Amino acid sequence: MSNYYVLLLRGIPKHLESDVTELCFQHQCTGISENLQFIQRDLVYDGEILPHDQHQLSVFFESTPPEALIQDLKKILPALNFSISQEEQKDWLEEWKKGFVPFKLVGPYWVVPSWLAAPAECQFPISMDPGMAFGTGTHATTQMMAYLLYKLSKSYTSEISNWNLIDVGTGTAILAILAEKLGFPLITGIDIDPEARRVARSNIEINKSENILIRDEPLNEIKENFNVIIANIIDGVLIKLKNDLIQRVAPGGHLLVTGILLERDDFFYEKFFENMPLQVIHRLEKDEWVGYWCQRSISKDPIENESAF
């Protein structure tokens, strides 16, 4: 495996950043990245870059950074603060695959990497090749959604054969495929990321799924209602999508949401549920995350609260 080199430049004044960048490219660097500090003031994940007068740059080279570059940099920065490190080139996707092994997701349903055989004890495999999309089944939020979906299917065994379902933010389509295996006959998956839609369609083909359609439209352009909506998305985005989600739930239908950080659950509950026609059926906690199973209803029955399962 070949190596590459990183020249780390610290304390670059803002007004000299373009000059430093130009010099590095003149000396055949292959790329430059800047380490930025940012904050997120609320649940919506739009980071705000903090103002700063000095920059830290990582400059990449195929071989040892030339001494001539260091001397040129010192001409404009006499007190140049730098270090050079050698890094091993790795195929990170292949490295990650080594740790992705078959595991039980929920009930008799297993997640099995598409490049591996299902173990003997696996009754119902879901083959996954995640690529760059979210959703291998190992994250707590995906596991909570799988549990809620499984529980819902067991509670409405005779009804789901007539229900439609939409998976908002489908990612790899792992939850859509699970929904098909649980008996849902008509499943839609949507995602704003084109790469996720490509991966989802590939996994649907791998699993020979016949009842799942991945659509390109965003949620606000979809007009039909659904008996079940599932959305495993970070809490701030769920709040942004609140009205579109609730409008698409059929009367008496079910909305399952996961991706709420426990430390922000009170804020989420206030922003998402207050004055909305939703009854919370179950609340789950796993690790540092929270999930909800809701029904479009105006009744005020007590909330059933469950801890990690």
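Helices (H or I, at least four residues) and strands (E, at least two) are DSSP runs, numbered from the N terminus. On this basis the protein has nine helices and 17 strands. The structure is a predicted model: local features need pLDDT of at least 70, side-chain atom pairs count only at pLDDT 80 or more, and totals for chains, interfaces and linings use all residues. Residues are numbered from 1 along each chain as its sequence is written, and side-chain values use heavy atoms, with hydrogens and water left out.

Of the 309 residues, 46% count as buried. Contacts (heavy atoms within 4.5 Å) were then sorted by sequence separation. Among those between residues at least 6 apart in sequence, 66% join residues at least 24 apart. The accessible surface comes to about 16000 Å² (Shrake-Rupley method, 1.4 Å probe; for residues, only the protein chains shown count as cover). Carbon and sulfur atoms account for 50% of this surface.

A nonpolar surface patch of about 270 Å² is made by Trp96, Trp115 and Leu116. Patches consist of residues with over 30% relative accessible area and no salt bridge; like charges are joined within 9 Å, and nonpolar side chains (Val, Leu, Ile, Met, Phe, Trp, Tyr) within 5 Å. Trp115 sits in the loop between strand S8 (109-113) and strand S9 (124-128). Trp115 is partly exposed, at 31% relative accessible area.

Rolling a probe the size of a water molecule over the atoms shows where empty space is left. A pocket is an open set of points on a 1 Å grid over the protein atoms alone, where a 1.4 Å probe fits, with protein on both sides within 12 Å along at least five of seven lines; lining residues have an atom within 4 Å of a point. Grid points are joined across faces, edges and corners, and a volume is the space filled by probe spheres set on the points. The largest pocket has a volume of about 720 Å³. It is lined by 33 residues, of which Gly169, Asp191, Ile192, Ile233 and Val237 are the closest to its centre. Helix H4 (140-155), strand S10 (164-168), helix H5 (174-182) and helix H6 (194-206) each supply at least two residues of the lining.

Ala173 is found in the loop between S10 and H5. Its relative accessible area is 0%. Not counting residues up to four places away in sequence, Ala173 touches Ala200 and Ile204. The C-alpha atoms of Ala173 and Asn203 are separated by 7.0 Å, although these residues are 30 apart along the chain. Leu219 lies in the loop between strand S12 (212-215) and strand S13 (226-232). Leu219 is buried, at 6% relative accessibility. Leu219 and Ile192 are 27 residues apart in sequence and 9.1 Å apart from C-alpha to C-alpha.

Nine salt bridges were found in the whole structure (side-chain nitrogen of Lys or Arg within 4 Å of a carboxyl oxygen of Asp or Glu). Glu195 pairs with Arg198, the closest N and O atoms being 2.7 Å apart. Both residues lie in helix H6, three residues apart, about one turn of the helix. Glu195 is partly exposed at 28%, and Arg198 is partly exposed at 47%.

Asp216 forms a salt bridge with Arg197, with closest N and O atoms 3.0 Å apart. Asp216 lies in the loop between S12 and S13 and Arg197 in helix H6, so the pair ties together parts 19 residues apart in sequence. Asp216 is partly exposed at 49%, whereas Arg197 is buried at 13%. Arg197, Arg201 and Asp216 are linked in a network of salt bridges.

Asp235 forms a salt bridge with Arg264, the closest N and O atoms being 3.1 Å apart. Asp235 belongs to helix H7 (residues 235-240) and Arg264 to the loop between strand S14 (249-261) and H9, so the pair ties together parts 29 residues apart in sequence. Asp235 and Arg264 are both buried.

Positive phi values occur at two non-glycine loop residues, described here. Asn275 has phi near 65 degrees. Asn275 lies between helix H9 (265-273) and strand S15 (278-286) and is exposed, at 77% relative accessibility. Asp287 has phi near 55 degrees. Asp287 lies in the loop between S15 and strand S16 (289-296) and is exposed at 59%.

Note on methods:
Buried < 20%, exposed > 50% of the residue type's maximum accessible area, 1.4 Å probe, protein only.
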